[in-house]
Amino acid sequence: MTDGFLRVLAVDDEPPALDELAYLLRADPRVAKLHTAADATEALRVLRDTDIDVVFLDIRMPGLDGMELARVLRRFARPPAIVFVTAYDDGAVDAFDLGVADYVRKPVQTERLSESIRRVVSSRVVPTHPAALARARAEEDPTIPVELAGTTRMLPRSAVRWVEAQGDYARLHTADGSHLVRVPLATLADRWADAGFVRIHRSYLVQLRLIAELRLANSGYVVVVDGAELPVSRRHTRELKDKLVRAAKQDWNR
């Protein structure tokens, strides 16, 4: 695709960083129009006068910082997607709470920025160009920031098989390994319930469709997910059985 359709705003208080980000964004064929701003006040003026699809936003800025600006943007009737571009990783959890499209670490690499734009296109319908509709996924797959070898990556929720509580943290188990994130299990249980994740124990959250087996063991019921046996507490056993039966009936009726 050679014709762009995204209307983009880049915000950074450091001129060299803003110039570099603007250069990389202009080089992407999916970007139709690019605006820049040196602080939150200037960004809000652009957003007041112009329709913007996505804001690439630095976090640490004087005055109203990027995190505070993102909270303001969430209250818009039609909020733009937000991608944080920062040299720091301590805002990843707050980024997750705000539901941002991506979290990109500086210095920004062309391939990483391209992936970020792909995430934006995939997670929202951009009404200004029909090509956007063809690239958007049928369903949004929210992401959560995780650390991989010192780099913050956005892990798709669909990759998570089950979640284990570890104090105020949660360990996300995927087919390839696990990731510790600074988000309480209760928070994920509440936000991911509509996506099929069910609480089976005070310390475990499981994707219902991935449960291969529910059986009685010496210490009580367990479920089997990817070969791992996870305990089911007494208080959750009856509800889990009901959900498994309902899910099975839905499959039969398809």
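This talk walks through one predicted protein model, from the overall picture down to single residues.

Some ground rules. Because the model is predicted, local features need pLDDT of at least 70 and side-chain atom pairs count only at pLDDT 80 or more, while totals for chains, interfaces and linings use all residues. Residues are numbered from 1 along each chain as its sequence is written, and side-chain values use heavy atoms, with hydrogens and water left out.

Overall picture. The protein has 254 residues. Its secondary structure comes to eight helices and 15 strands. Helices here are DSSP runs of H or I with at least four residues; strands are runs of E with at least two; both are numbered from the N terminus. Of the residues, 45% count as buried. Buried means under 20% relative accessible area, exposed means over 50%, and partly exposed is in between, with a 1.4 Å probe and protein chains only. The protein exposes about 13,600 Å². Carbon and sulfur atoms supply 47% of that. The areas come from the Shrake-Rupley method with a 1.4 Å probe. Now contacts, meaning heavy atoms within 4.5 Å. Take those with a separation of 6 or more: residues 24 or more positions apart account for 54% of them.

Next, the inside. A nonpolar core is a set of buried Ala, Val, Leu, Ile, Met, Phe, Trp, Tyr and Cys residues joined through side-chain atoms within 4.5 Å. The largest one has 23 residues. Val8, Leu25, Phe56 and Val83 have the most contacts inside it. Which elements build it? At least two residues each come from β1 (6-11), α1 (15-26), β2 (31-37), β3 (54-57), β4 (81-86) and α5 (110-123). The largest share, five residues, comes from α1. Look at Leu25. Setting aside residues up to four places away in sequence, Leu25 touches Val8, Ala10, Val31, Leu34, Phe56, Leu113 and Ile117. There is also a second, separate core, with 22 residues. Leu9, Val11, Ala43 and Met61 are among them.

Now strand β1. How many of its residues are buried? Six of six. Both faces are covered. Leu6, Val8 and Ala10 sit on one side; Arg7, Leu9 and Val11 sit on the other. β1 pairs with β2 and runs parallel to it, through six bridges. Strands pair if DSSP finds at least two bridges between them. Ala10 stands opposite Thr36 in β2. β1 also runs parallel to β3, joined by four bridges. There, Val11 stands opposite Leu57. Together, β1, α1 and β2 make a right-handed β-α-β unit. Right-handed means that, with the strands pointing away from the viewer, the path from the first strand over the helix to the second runs clockwise.

Is Val104 buried or exposed? Val104 counts as buried because its relative accessibility is 0%. Leaving out residues up to four places away, Val104 touches Val83, Phe84, Val85, Thr86, Arg112 and Ser116. Thr152 is 48 residues from Val104 along the chain, yet their C-alpha atoms are separated by 7.2 Å.

The peptide bond from Lys106 to Pro107 is cis, with omega near -5°.

In helix α5 we find Arg119. Arg119 is at 15% relative accessibility, so this arginine counts as buried. Beyond neighbours within four places in sequence, Arg119 contacts Ala101, Asp102, Thr143 and Met154.

Further along, an open sheet. Five strands run in the order β10-β9-β8-β12-β11, with antiparallel pairing. The edge strands are β10 (178-181) and β11 (197-201), each pairing on one side only. Neighbouring strands are turned by 20° against each other on average, direction ignored. That angle is taken between N-to-C directions, from 0 to 180 degrees, using axes fitted to C-alpha atoms. Inside this sheet, six bridges join β8 (residues 160-166) to β9 (residues 169-174). Val163 has Leu172 in β9 as its bridge partner.

One last stop: Asp226. Where is Asp226? In the loop between β14 (220-225) and β15 (228-231). Asp226 has a positive phi of about 55°, although it is not a glycine. With a relative accessible area of 45%, Asp226 is partly exposed.
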